[in-house]
Amino acid sequence: MTALMTPLWLIRLAVAAVWLYEGLWCKLLHGEPRQVQVVEAVPYFGPRVGVLFLKALGVAEVGLAAWALSGAAPLPCAVAQTLLLVTLNASGLVWARHIIHDPGGMVVKNFAFLVLVWISASLPGRT
């Protein structure tokens, strides 16, 4: 059965690619303008704080990409990814549901992504 498993490096690469896309492209390079609108919808953020928060979040997500790809401390890495993603999703649903294109789809896709995150964390050292 283990012969059918995807190599761990490929699972880590897939997880890292999602964080790199979200952090670098969507936030730091402004590839997804709706993300600014979502963050600005958070009370007390507004345009100035929203943009700064989005940049900091983009840097953090790029950092998560590197951490996930490295395989270092996989369980704390999975916990960090889970906490960040659940917090972001919950905040988006509470304050910016009207801006998010498909809130239900976002939750389903992020659930599937977190399953992959935890598969990656549960297979340390396997290549």
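Biologist: Glu61 first: is it buried or exposed?

Modeller: This is a predicted model, and in it Glu61 counts as buried because its relative accessibility is 2%, where buried means under 20%.

Biologist: Which side chain does Glu61 meet in a salt bridge?

Modeller: That would be Lys27, with an N to O distance of 3.0 Å. The pair links distant parts of the chain: Glu61 sits in helix 3 and Lys27 in helix 1, 34 residues apart.

Biologist: And Lys27, buried or exposed?

Modeller: Lys27 is buried, because its relative accessible area is 5%.

Biologist: What else does Lys27 form a salt bridge with?

Modeller: Glu22, where the closest N and O atoms are 3.5 Å apart. Glu22 has a relative accessible area of 23%, so it counts as partly exposed. Put together, Glu22, Lys27 and Glu61 make a linked network of salt bridges.

Biologist: How many salt bridges does the structure hold?

Modeller: There are 3. One of them joins Arg34 and Glu32, with the closest N and O atoms 3.1 Å apart. Arg34 is partly exposed, because its relative accessibility is 37%.

Biologist: Back to the helices. How do helix 1 and helix 3 run relative to each other?

Modeller: Their axes come within 8 Å and cross at roughly 165°. Angles over 145 degrees count as roughly antiparallel, so that is what helix 1 and helix 3 are. The crossing is left-handed. For finding them, helix 1 covers residues 8–28 and helix 3 covers residues 46–70.

Biologist: New topic: the surface. Which residues make the nonpolar patch?

Modeller: Leu20, Tyr21, Leu24, Trp25 and Leu29, and the patch is about 490 Å². Leu20 lies in helix 1 and counts as partly exposed, because its relative accessibility is 39%.

Biologist: Where is His30?

Modeller: In the loop between helix 1 and helix 2, the latter being residues 34–40. His30 is partly exposed, because its relative accessible area is 47%.

Biologist: What about the phi of Ala73?

Modeller: Ala73 is a residue other than glycine with a positive phi, near 45°. Ala73 is in the loop between helix 3 and helix 4 (74–95). With 40% relative accessibility, Ala73 counts as partly exposed.

Note on methods. Residues are numbered from 1 along each chain as its sequence is written. This is a predicted model: local features need pLDDT of at least 70, side-chain atom pairs count only at pLDDT 80 or more; totals for chains, interfaces and linings use all residues. Side-chain values use heavy atoms; hydrogens and water are left out. Patches are made of residues with over 30% relative accessible area and no salt bridge: like charges are joined within 9 Å, nonpolar side chains (Val, Leu, Ile, Met, Phe, Trp, Tyr) within 5 Å. Accessible areas come from the Shrake-Rupley method with a 1.4 Å probe; for residues, only the protein chains shown count as cover. A salt bridge is a side-chain nitrogen of Lys or Arg within 4 Å of a carboxyl oxygen of Asp or Glu. Helices (H or I, at least four residues) and strands (E, at least two) are DSSP runs, numbered from the N terminus. Buried means under 20% relative accessible area, exposed over 50%, partly exposed in between (1.4 Å probe, protein chains only). Axes are lines fitted to C-alpha atoms, for helices over the stretch in contact, and angles run from 0 to 180 degrees between N-to-C directions. Angles under 35 degrees count as roughly parallel, over 145 as roughly antiparallel, 65 to 115 as roughly perpendicular and the rest as oblique. A crossing is left-handed if the near helix is turned anticlockwise from the far one by less than a right angle, and right-handed if clockwise.
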